[in-house]
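Morning, everyone. Have a look at the model first.

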Amino acid sequence: MEEFWHSWIVVAVAVPVFYALDSVLDVFFVDRKIYRDPVHATVISGLFSVLYLFALVFKFKDFQLPELTILAAGIGNGMFYIGHVYFYFRVLFKLNDASNLECFLGFSVILVPAFAFIFLGEKLTLFQYIGTGISVIGVLCLFLINIARDSAKHSFLIMSHAVIILSLTFIIQDKIYQYVNFYTGLVLFLTGQVLASLVIWRVCRCRISAKQTYKFGPMFLMSQLLGVAAVVFSQRAINISPSVTYVVAIETTTPLFIMIFSFLAIPVLSYFRGKKCFSIAILHLQLTKLTYKLFAFGCLLVGILLTSSPDIIENYIASSFYGSVSDFDAIEPDNTINVYNMRSNI
């Protein structure tokens with residue numbers, strides 16, 4: 001378990017898995033009116049971070065009170081993240097198609113490297129830029145096959161807000177982890193989510209009733225825990241990864257996992273149709289235009305391989321075409337910086 005927690009790529013891969021499971025359940029709760037509106041869904045999702053904060057009390061000795069500016073930035077970034085959650089649910093209530101929404105969020109693979117270059121001065125190697133470009137092709141393909149839907153067109157502007165906010169939170173959090181340890185940064189981020197949810201709850205006078213979730217209690221609890229777990233693992237990946245760009249590239253595979261889980265769940269849930277425990281139609285919706293989506297995900301996976309493991313590709317090309325790695329390195333531009341050497345683990 002310790003090795004798992006310290007392997008950035010394993011932690012990062014766990015994030016889209018958690019998000020995918022949570023997203024499928026979110027679609028179900030929207031369909032069954034468990035979530036009444038986007039504000040209601042946002043408040044509930046943010047407030048469940050309290051459970052993780054209580055669990056983190058046992059490691060309070062690891063908390064190091066940062067200076068005021070870092071403290072405010074950490075909490076403020078968590079509050080900012082809730083804005084992305086709200087816009088996400090606004091579109092989910094219109095489309096109720098989680099795989100399509102996650103495709104929109106995949107545009108963060110374009111914005112995050114750009115923001116990282118502008119605000120963090122982060123540069124990638126040639127192969128990592130190529131990998132990012134291939135990932136962009138995959139995201140664009142997913143976007144084009146979904147934008148044909150009229151509802152998707154109307155939702156594009158709203159999702160643009162979500163993508164920008166999400167991308168900025170990645171960059172801000174990456175910067176914060178340069179000044180604080182993981183435990184401190186996580187506590188600040190989750191605290192910000194809780195505070196933002198409380199403010200929205202108070203301002204919008206959102207009514208939360210346990211009766212609405214009683215029938216699907218275990219499923220509802222699992223959904224909320226998965227959602228916060230995805231945030232926690234994403235934070236860990238940002239903290240220990242060589243570059244925040246890699247984390248974002250891996251998270252763009254969330255729609256693929258949504259489709260996989262939907263595909264696996266359909267034959268199982270078909271046996272319980274009489275009990276109406278889950279809407280099969282919801283799962284079929286996640287599998288529309290499967291051929292195009294598989295092509296797009298192929299691009300994403302190739303892009304992820306190039307961005308997260310460029311050394312493997314470079315060594316292969318060096319040995320195949322240049323005879324040695326040193327000969328290949330001689331043709332690399334002097335101003336290319338490998339981000340693996342840019343960060344130290346705090």
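Is Trp 5 buried, partly exposed or exposed? Trp 5 has 22% relative accessibility, so it counts as partly exposed. The terms: buried is under 20% relative accessible area, exposed is over 50%, partly exposed is in between, with a 1.4 Å probe and protein chains only.

Ground rules. This is a predicted model, where local features need pLDDT of at least 70, side-chain atom pairs count only at pLDDT 80 or more, and totals for chains, interfaces and linings use all residues. Residues are numbered from 1 along each chain as its sequence is written, and side-chain values use heavy atoms, leaving out hydrogens and water.

Now the rings. The structure has 16 aromatic pairs. For Trp 5 and Phe 182, the centres are 5.8 Å apart and the planes at 70°, so this pair is edge-to-face. To pair, ring centres of Phe, Tyr or Trp (its six-membered ring) must lie within 6.5 Å; planes under 30 degrees apart are stacked, over 60 edge-to-face, the rest tilted. The pair joins distant parts of the chain, 177 residues apart: Trp 5 is in helix α1 (residues 2-5), Phe 182 in helix α10 (residues 182-204). Helices are DSSP runs of H or I, at least four residues, numbered from the N terminus.

Phe 182 is buried, at 11% relative accessible area. The charged end of Arg 236 sits over the Phe 182 ring, 5.2 Å from its centre. That term needs CZ of Arg or NZ of Lys within 6 Å of the ring centre and within 35 degrees of the ring normal.

Last, the serine. Ser 234 lies in helix α12 (residues 217-240). Ser 234 is buried, at 6%.

Conventions:
Helices (H or I, at least four residues) and strands (E, at least two) are DSSP runs, numbered from the N terminus.
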